[in-house]
Amino acid sequence: MGAQLEPQVPPAESVTWIGRDHAANVLHPVGNEPPSAGRDIPGRGPRRWVIALVIAAIAVAALVWVKYVRTAGPTSGAAAANSIPVVTVTSPGSRAVTARISFTGALAARYDMPIGSDTDTGRIKEIYVEAGDHVKQGQIMAKLDGAVLVPQVNRLAASVEESRAQAALSAAQYRRGLGVQAAGALSAEEIEHRRATSLTDDARVKVAVAQLAEAQARLERTDVRAPADGVVLTRTAEVGQIASPGGPALFRLARNGEVEMRGQVAEQDMARLRVGQSAAVYITNVAKPFEGHVRLLGAVIDPMTRLGEIRIALGADPALRPGAFARGEVVIDHNEHPVLPQTAVLADARGSYVFIVNDKSEVERRKVSVIDTTAAGVVIGAGLNGSERIVTTAAGFLREGERVSAVKLAESTS
């Protein structure tokens, strides 16, 4: 057999391990090594100190703020309590004021009388007056065609004559019967019959006379006459027009030419008006006022408009034409009264009031009565004597009993 080779054994060499300290330039991945339990991560210690310092600073700031609030709170509240509002006041005194109530309305005839036909239907034949004419009572204003009524009157007149003749004959027969009654020529029954016939014929005469009077009255009513003295306001009648009872008025008449103003007054002013008070009425393009007096005050207030009616009686004047727009004034007072700025007078559910500053420099509410508003201000009728210190502006922001610092109006405006 052949020779066998023995396995070669490498020569023994000394093995040296390379540690971390021997190769400082060799980088070892962090993930491949377990974390060291006995060493701290670099930089973690200083960061903990920074966070602790920040928390301590916040705590100190909070303590300082709480201490400041506790000490400064009462001080600021006292300062607010010591701040007193400054208000402007005035002492208006009294001045001569003429209080008026103004209102608007229109002129109208005091007694507006419609005139129409009160007879049978007929055609207007003639017209004798025009609008604006002055007429007298009984004067003919228009005439209707009476061609149908005239023959009726004539027929009834003839019937009256016939009835009278028959009544006269019956009366004569009755008298003759009474003359021969004693001789026994006629029976008692015949005499009674003649008496009854005479009475019947007399009654027929009366009926005929009444019918004739009715026809004559209807014929007379074809003349449309003025029922009173006055001025013709309108004329709607035309020649040839058919007029009938109950139809539209042919004329409108202002009795005695009297004209009045009819206006509307605010509800709060009605209580201060009285019948008989003097009034002045102004109309367009007429400089001078027309003098009059309060003739009538409405008995009710319109619930929708809160207005009441007033009527001013005026004298006769050609310039006063019914239908014209008018403005009226009634003098309700002429006396000494305080006059305040409009900003000083307030109102609520309890009425009008002002704020005055009393001797203790406190605001006090005072009820007042306003009687007029003029260019100078609001006229006070009751509640003030003029010597009080009255808050002129910003009174709506004050409370009753509040302490204020008052400044005179003259000083504030100078």
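# Structural briefing

Serine 361 lies in the loop between β18 (351-357) and β19 (363-367); helices (H or I, at least four residues) and strands (E, at least two) are DSSP runs, numbered from the N terminus. The structure is a predicted model, in which local features need pLDDT of at least 70 and side-chain atom pairs count only at pLDDT 80 or more, whereas totals for chains, interfaces and linings use all residues. Residues are numbered from 1 along each chain as its sequence is written, and side-chain values use heavy atoms, with hydrogens and water left out.

**Overall architecture**

- The chain contains five helices and 23 strands.
- Of its 414 residues, 28% count as buried (buried: under 20% relative accessible area; exposed: over 50%; partly exposed: in between; 1.4 Å probe, protein chains only).
- The accessible surface of the chain comes to about 27300 Å², and 56% of this surface belongs to carbon and sulfur atoms (Shrake-Rupley method with a 1.4 Å probe; for residues, only the protein chains shown count as cover).
- Among contacts with a separation of 6 or more, 74% are between residues 24 or more positions apart (contact: heavy atoms within 4.5 Å).

**Nonpolar cores**

- The largest nonpolar core has 25 residues, and Leu107, Leu273, Ile310, Ile312 and Val330 have the most contacts inside it (a core is a set of buried Ala, Val, Leu, Ile, Met, Phe, Trp, Tyr and Cys residues joined through side-chain atoms within 4.5 Å).
- At least two residues of this core come from each of β2 (95-109), β11 (259-266), β12 (278-283), β13 (290-301), β14 (307-314) and β15 (325-337).
- Strand β2 gives the most to this core, with five residues.
- A second, separate core has 15 residues, including Ile124, Val135, Ala237 and Leu250.
- Beyond its neighbours within four places in sequence, isoleucine 312 is in contact with Phe103, Glu260, Met261, Ala279, Val281, Gly292, His293, Val294, Arg295 and Val330.

**Salt bridges**

- The whole structure has 22 salt bridges (a side-chain nitrogen of Lys or Arg within 4 Å of a carboxyl oxygen of Asp or Glu).
- One of them joins arginine 221 to aspartate 118, with the closest N and O atoms 3.8 Å apart.
- Arginine 221 is in the loop between α3 and β7 (223-225) and aspartate 118 in the loop between β3 (112-115) and β4 (122-127), so this pair ties together parts 103 residues apart in sequence.
- Both partners are partly exposed: arginine 221 has a relative accessible area of 44%, and aspartate 118 has one of 47%.
- Glutamate 260, which is buried at 0% relative accessibility, forms a salt bridge with arginine 262 (2.9 Å, N to O).
- Arginine 262 counts as partly exposed at 30% relative accessibility.
- Glutamate 260 also forms a salt bridge with arginine 311, the closest N and O atoms being 3.4 Å apart.
- This second pair links distant parts of the chain, 51 residues apart, with arginine 311 in strand β14 and glutamate 260 in strand β11.
- Arginine 311 counts as buried at 18% relative accessibility.
- A network of salt bridges links Glu260, Arg262, Arg295, Glu309 and Arg311.

**Helices and surface patch**

- Helix α2 (residues 149-179) has 31 residues that should span 45 Å at 1.5 Å a residue, and its end C-alpha atoms are 45 Å apart, in agreement (expected span: 1.5 Å times one less than the number of residues).
- The buried residues of α2 include Leu149, Val153, Leu156, Val160, Ser163 and Ala167.
- These buried residues of α2 pack against α3 (188-220).
- Val50, Val54 and Ile58 make a nonpolar surface patch of about 270 Å² (patch residues have over 30% relative accessible area and no salt bridge; like charges are joined within 9 Å, nonpolar side chains (Val, Leu, Ile, Met, Phe, Trp, Tyr) within 5 Å).
- Valine 54 belongs to helix α1 (residues 44-82) and is partly exposed, with a relative accessible area of 45%.
- An α-helix has 3.6 residues a turn, so residues three or four places apart point the same way.

**Loop residues**

- Serine 361 has a positive phi of about 60 degrees although it is not a glycine, and its relative accessible area of 24% makes it partly exposed.
- Asparagine 256, likewise not a glycine, has a positive phi of about 60 degrees.
- Asparagine 256 lies in the loop between β10 (251-255) and β11 and counts as partly exposed at 47% relative accessibility.
- Threonine 392 is in the loop between β22 (390-391) and β23 (405-408), yet counts as buried at 2% relative accessibility.
- Leaving aside neighbours within four places in sequence, threonine 392 is in contact with Thr88, Val89, Thr90, Pro341, Thr343, Ala344 and Leu409.
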